[in-house]
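Hi there,

Here is the structure I promised to pass on to you. Have a look at it first, and then read on for my notes.

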Amino acid sequence: MNNIELNRFWEKVKEELVGSLPESVHPWLYSLEVSGYDKGVLTVVTGQTMAKEWLRKNHSKQMNQILQKISNNNEARIHIIYDENAAKKIKKEAEKIHKKELEAQLKEQAMENLSCMQSSANLNLKYKFENFVVGDNNKFAHDAALAVAKQPAAKFNPLFIYGNAGLGKTHLMQAIGHYTIFNNPKLRVKYTKTDDYISDFISNSRKTNDSIENMAKFNKKYTNIDIILIDDIQLIESKEKTMTRMQQTFDTLYEKGKQIVITSDRLPEEIPKITDALASRFKRGLMVELTPPDFETRLEITKKLAKNNDINAELSALEYIAKHFQKNIRELEGAFTKVCAYAEFNNKPITLELAKEILKCKENEKQITFENITGVTSKYFELESGDIIGTTRSQKISLARQIAIYICRELTNQSFELIGEYFNRKHTTTMYAYEQIRNKINTKTEIANAVREIKQALKVI
Ligand code: ADP
Ligand code: MG
C-alpha cells in the first residue's frame, strides 16, 4: 500500500468508526492519524493521551470488528499509539497528500471539460498558435488572428482569412478557438465547416418545411455563441437559400457583438453566384491573405514537425524537403511523414540520401521570378522591358501589365501586396488586374492565347 492508498483506506475505516461509535468519542476519533498497515495491524497515532486510553479500554473490540470487515481479514486489529509529535507530523503529511489528491482531481476535471468542449467545438488539438510557424507570408494573418483571439469582436469583425489550399487557414482559425478555450473558458466557440452548415440547413428545411419555429431553432444553434468559426466559405457557391440564411446568422451575430471568423480559398467576389449582400458583409472587417511560405519558414515548419514528433533527422534531409515542397504546407508535411515512415519501417536514420531516395524530387527546377514573367510578357507584346512596370497607361501596355500581374499571381503564388510592390501599384490595383484577366480568359481568345503562350515560354527559361 502506498501513502495515498493507505490514506484512502484509513478514511474508509474512519468513516465507519464515526458512523458506529457514539458521538462523545468522535473528537478522539478525529485526532487519530494513520501511520501504517502491516500484516493486519493498522497503526494509528494520536496526540491526545485520553484518546488512546478511552478508545482502547471501551471500544477496541468494535473498532477491530469494523477493520476486519473492511479489510476482509479476521485477524486484523487497530493499534493505537500516543505520540504528540508524531501525530502532528503525520497530520501534516496527511493534509499534504489530501491537497495533492484534490489538485489531481481538479486537473482531471479541467482536462475532461477541455476534451468535451473540444469535441463539441470540433477542434483539432494540433492546431494551436504555438504550433504555427510565423514567416513573412503569414505574419499579418497570424497577428490579426491572435488579436481576435485576445479580444474577440473588438477590432476585426469579421476576420476573413483567404489563400490557396494547404496554407494554414484552418490551422489559424482553430488556433483562435483553442486560445479561447484555454484562456477565456466562459466564451462559447463554435467551429463549423461550411458544407456541414449547408447540409444542416438543407436537412432542417426538409424536415420542417421552413416552419418559423424550427428555423428559429436552427438560428439559435449558430447564434447562441460568442465566436463562430466558419471554414471554407467558398463551398456556399450557388446555394442561394443557404446564403440568405447565412446572411441572417451573420447579421444576428454581428448585431449581438459576437466575433465571426471566416476562411475561404478565394476572395468573396470570386465565389460563384454569391449575393452582393453576403460578399459585402464578409468584407466589412479585416481581410488577410495567406501565401506560400519562403524557404526559411518551410524549414522551420519541418524542424517543428520533427521536434513535436520526437524525430531525429539530419538537417540536410529537412532542407531537402523544405526546398522541394513550396506551394502547399500540407504536401510539405506529407513528404516529411513519408520519409519518416520509410525510415521507421526500415530502421534507417533520416538522412539526405534517404529523403532523395524516397521523394525523388526533380532537381534544378528553376523558380520563376517576377522578372522572368515581365521579361517574357514584354517580348510577347513587343514592348521595352521597363514599360510594364512603368507608368504608361496606353491600352497595349495596360493589357500587357494586367496579363503579367495575372501570371505572376498564378505561377508564383505570391501575395497581391508583394506583386503590387514589384509593379509599383497598390495591392487593390493588382487584385483588380488579376480579376480582369481571369474573367476575360473565358471570353476573349486573344487573351487566353497570350496567357498560354507566355506560360509556355516561361517553362523553357
Ligand atoms: P488550409 O486550411 O489553408 O487548407 P490547413 O490549415 O489545413 O490549410 O494546413 C495544412 C497543414 O499545414 C496543417 O497540418 C497545418 O498544421 C500545417 N500548417 C499550415 N501552416 C502552418 C504554419 N505556419 N506552421 C506550421 N504548420 C502549418
Ligand atoms: Mg482548411
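Below are my notes on a sheet and on the ligand site. Please keep in mind that this is a predicted model.

Let me start with the sheet. Five strands make up an open, parallel sheet, and their order is β5-β6-β7-β4-β8. The edge positions belong to β5 (189–193) and β8 (286–290); each has a single partner strand, so one side of each lacks a neighbour in the sheet. On average, neighbouring strands here are turned by 15° against each other, direction ignored.

Now to ligand 1. Its surroundings comprise 18 residues, and the closest are Val 133, Gly 166, Thr 170, His 171 and Glu 333. By type, the shell splits into seven nonpolar, seven polar and four charged residues. Two helices, α6 (169–183) and α13 (329–345), each contribute at least two residues to this shell.

Several polar contacts involve oxygen atoms of the ligand. A polar backbone atom of Leu 167 is 3.2 Å from an oxygen atom of ligand 1, and for a polar backbone atom of Gly 168 the distance to a ligand oxygen is 3.1 Å. Lys 169 takes part through its side chain, with a polar atom 2.8 Å from an oxygen atom of ligand 1. How much of the ligand does the protein bury? Taken alone, ligand 1 exposes 560 Å², and 94% of that is buried by the protein.

Definitions and conventions
Residues are numbered from 1 along each chain as its sequence is written. Chains are lettered from A and ligands numbered from 1 in the order in which they are written. This is a predicted model: local features need pLDDT of at least 70, side-chain atom pairs count only at pLDDT 80 or more; totals for chains, interfaces and linings use all residues. Side-chain values use heavy atoms; hydrogens and water are left out. Two strands pair if DSSP finds at least two bridges between them. Helices (H or I, at least four residues) and strands (E, at least two) are DSSP runs, numbered from the N terminus. Axes are lines fitted to C-alpha atoms, for helices over the stretch in contact, and angles run from 0 to 180 degrees between N-to-C directions. A residue is near a molecule or strand if one of its heavy atoms lies within 4 Å of it. A polar contact is a pair of N or O atoms within 3.5 Å; within protein, one must be able to donate a hydrogen and the other to accept it, and residues adjacent in sequence count only if both atoms are side-chain atoms. Accessible areas come from the Shrake-Rupley method with a 1.4 Å probe; for residues, only the protein chains shown count as cover. Ala, Val, Leu, Ile, Met, Phe, Trp, Tyr, Cys and Pro count as nonpolar, Asp, Glu, Lys and Arg as charged, and the others, Gly among them, as polar.
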